[in-house]
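Student: I am new to this structure. Could you take me through it in short steps?

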Amino acid sequence: MLIIEDAIKEAQEAIVKCDENKAVAIAKQAIDAGLDLVKLLNDGFSAGIRIVGDKFGRGEIFLPELILSAEVMKKVTEILETAIVSDSAKEKKAVILIATVEGDVHDIGKGIVVSLLKTQGFEVVDIGRDVPVDKIIEKAIEVNADIIGTSALLTTTLVEQQKLEEELRARGLRDRFKTIVGGAPCTERWAKKIGADAYGEDASDAVVKCLKLLEK
Amino acid sequence: MSKFFTRMGDGSAVFLSEAEIRRDLEEGMLDAADRGKIPELTDDEMERLYQIITDPQKTVSIERGNEVVMTFDAGTLKLPVRAGLPVDRMTTVLTHERVLCSDTMEIGNADYSYKQLKNIVHEEAASMEFTQLNCIIPVFYGAMPNLGLYTKPDGPVDNWSELLPMAKIGEARAAQEEAIEMAVKDMVYIASILYEAGADGINFDTVGASGDGDFLATLKAIEILKSKYPDMAIEVGMAGEFVLGMHGQLEYDGTRLAGLYPHEQVKVVEKAGGTIFGAVINTNSSKSLPWNLARAVTFSKACSEASNIPVHVNAGMGVGGIPLTNTSPTDATSRVSKSLIEIGKADGL
Amino acid sequence: MAVIHEVASGMGGIRTAGDLVARVQMSKAMKIKEAKKYVAEKLGVSVIDLSDSYLMKELREELDIGHVQVRDRASYGIEAKFNISKVLDIKINSVENFKRKVKMI
């Protein structure tokens, strides 16, 4: 008979090892055994995803594995959610709009952030690189974004992040969105100076900060 | 309790107590040892780091006899491009040689990627020839492998940064493998022409910026270049402290490249035929200088001890413990310089 | 800032023997201690002298391998590198190129 402690442990392992068959089997067994599915989802599968994110940040696993784990997570979540009557266990999802600022065509780091955010259940709207502030705001309104994330690799394009904050304030939209900034020359101090809500040191940190923003 | 002036990783000033500094040194060192699975610094080395951090002198320096040599990335971009001085490249190199007394210099194009040089390579070669007639110090030619430039919309290959979030892993891997072959061809072509124009060495800079494919392309290019020109000096400067696994399965001579830390990166560079290895340790802008420096020194020492070729640790903006700011404070820079050499055993910076 | 590294820990380029040690590192992939030892032996000085600008100025002028101060009839640029190549017993790429161009080889 499957007990919750074992199911949690195996769920974590299945996610970390990108083992879809095992993950699906555990989810189904847990449903049949009448286990606490909310606990299994939060402490088992979701915790597994957090382990995967941490390992990625340490260079112990790589982007393809990260994506595979996220795919396994998606399948398991679908199975468990249909069995969970209450919505309380569902991961709090949010829409994040992400872009590399105008004048900057560097998007490798942004791509990694997008991948990591998706693994954590965020709905990510990636509007690309070299994106003017006007377009970022327009799109954020259109998709009803919760968070706007901007990336800048160059010291010369960093000011676009400041421009975004100023423009949001000028249009009376500042309270409608949370903002997070990142990119090689960006720092916590810069984020504070321009009035952004959060700063992501690297891709893993950006995800942690986005999750924290949702709690606010 | 008295406090000591030091810096945060973003360069801002901060006053920390002895206990705080010792705690940050310890945590930074342990973080490096844990991530890299490398030896911790000894108690003596930690004490030395503490003395360097808390030295009342504004600028510190190495002890006589411990001097090292310097190589540069983005060499000729610094005066005419970044500082906006109306000087040409040869004047820049000669200013570095005769006024700033640099040990080496590098010529590089403002669009600093090998792929972008194909149309101007002969003008670059002429520039190298003129410079070599007039300068005494060794002059490298440098650029980045920049595998990302081979992807759409900048290049012909599908963009793996877009494919991966869509879980198209096979396609993303195939795109990277295609880009690697293109990049190898471009790097060998450019480096060959510049070497034949008299360059003392070729610098592959910011290697791995686009992940493990970027690194593999560079290693393959080095192999070909060394077989063509056995005397060619090749410097490999990395992009980050561990190789990003954008592909995840690429190997060089049986070693998986993704996730390698500096002490492991240097071994594959050595095997491929690299002459100088430019180790990179990322600065965390939210942590203090003691934390970042102890971490950088721990990685540097392990790398240098593992290496048979000289290790020039990158010590510019945001790497090697240097704060993440365009104008790194001299107190922090000089502490990094001394520590990387005297404790981190760097052969150069 | 490169100048700070140079002040804190650099050899000093052609004021001293920095360029020579760098050349040996580049041509022989030598670690810093070995490269310095190699250069010191070739120059007939001690390792610590390599970073002494007073001593190295005299020696560089004597060997005619270039120095920060331009003097008439002193070797400069490629001429100095011809001499460096001989003193250090290493091949210098631009020097070999020059020889080929003027049909010396």
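Student: Which pattern does chain C follow, read along the sequence?

Tutor: This is a predicted model, where local features need pLDDT of at least 70, side-chain atom pairs count only at pLDDT 80 or more, and totals for chains, interfaces and linings use all residues. Residues are numbered from 1 along each chain as its sequence is written, chains are lettered from A and ligands numbered from 1 in the order in which they are written, and side-chain values use heavy atoms, with hydrogens and water left out. Chain C has 6 helices and 0 strands (helices are DSSP runs of H or I with at least four residues, strands runs of E with at least two, numbered from the N terminus). Its pattern is α-α-α-α-α-α.

Student: What radius of gyration does chain C have?

Tutor: The radius is taken over C-alpha atoms, and the globule rule is 2.2 Å times the number of residues to the power 0.38. The C-alpha atoms of chain C fill a box of roughly 45 × 35 × 30 Å along the principal axes. For 105 residues, a compact globule would come near 13 Å, and chain C agrees with that at 14 Å.

Student: How many of the residues of chain C count as buried, in percent?

Tutor: Buried means under 20% relative accessible area, exposed over 50%, and partly exposed in between (1.4 Å probe, protein chains only). Chain C exposes about 5100 Å², with 54% supplied by carbon and sulfur atoms (Shrake-Rupley method, 1.4 Å probe; for residues, only the protein chains shown count as cover). Of its 105 residues, the buried part is 56%.

Student: How far apart do the centres of the positive and negative side chains of chain C lie?

Tutor: Lys and Arg count as positive, Asp and Glu as negative; His and the chain ends are not counted. Each charge is placed at NZ of Lys, CZ of Arg, CG of Asp or CD of Glu. Chain C has 19 positive and 14 negative side chains, and the distance between the two centres is 7 Å.

Student: Which pattern does chain A follow?

Tutor: Chain A has both kinds of element: 9 helices and 5 strands. Read along the sequence, they give α-α-α-α-β-α-β-α-β-α-β-α-β-α.

Student: What radius of gyration does chain A have?

Tutor: Its C-alpha atoms fill a box of roughly 60 × 35 × 25 Å along the principal axes. A compact globule of 216 residues would have a radius near 17 Å, and the value for chain A agrees: 19 Å.

Student: How many of the contacts in chain A between residues at least 6 apart join residues at least 24 apart, in percent?

Tutor: A contact means heavy atoms within 4.5 Å. In chain C, 39% of the contacts between residues at least 6 apart join residues at least 24 apart. For chain A, that value is 71%.

Student: Which chains share the most contacts?

Tutor: No contact joins chain A and chain C, and their closest C-alpha atoms lie 16 Å apart. There are 2 pairs of chains in contact, and the pair with the most contacts is chains B and C.

Student: Which residues does Gly28(B) touch, beyond those up to four places away in sequence?

Tutor: Gly28(B) lies in helix 1 (residues 18–36) of chain B. Gly28(B) is buried, at 0% relative accessible area. Trp291(B) is 263 residues away in sequence, yet 4.3 Å away in space, C-alpha to C-alpha. The residues touched are Trp291(B), Ala294(B) and Arg295(B).

Student: How many aromatic pairs does the structure hold?

Tutor: Rings of Phe, Tyr and Trp (its six-membered ring) pair if their centres lie within 6.5 Å; planes under 30 degrees apart count as stacked, over 60 as edge-to-face and the rest as tilted. Over all chains, the number is 7.

Student: Why does the pair of Phe4(B) and Tyr50(B) tie together parts apart in sequence?

Tutor: The pair is edge-to-face, at 6.3 Å centre to centre and 80° between the planes. Phe4(B) lies in strand 1 (residues 3–7) and Tyr50(B) in helix 2 (residues 43–54) of chain B, so the parts joined are apart in sequence by 46 residues.

Student: Which residues do ring pairs link into a cluster with Phe242(B)?

Tutor: Phe242(B) and Tyr261(B) form a tilted pair, 5.6 Å centre to centre with 50° between the planes. Phe242(B) is buried at 17% relative accessibility, and Tyr261(B) is buried at 3%. Ring pairs link Phe242(B) into a cluster with Tyr261(B) and Phe299(B).
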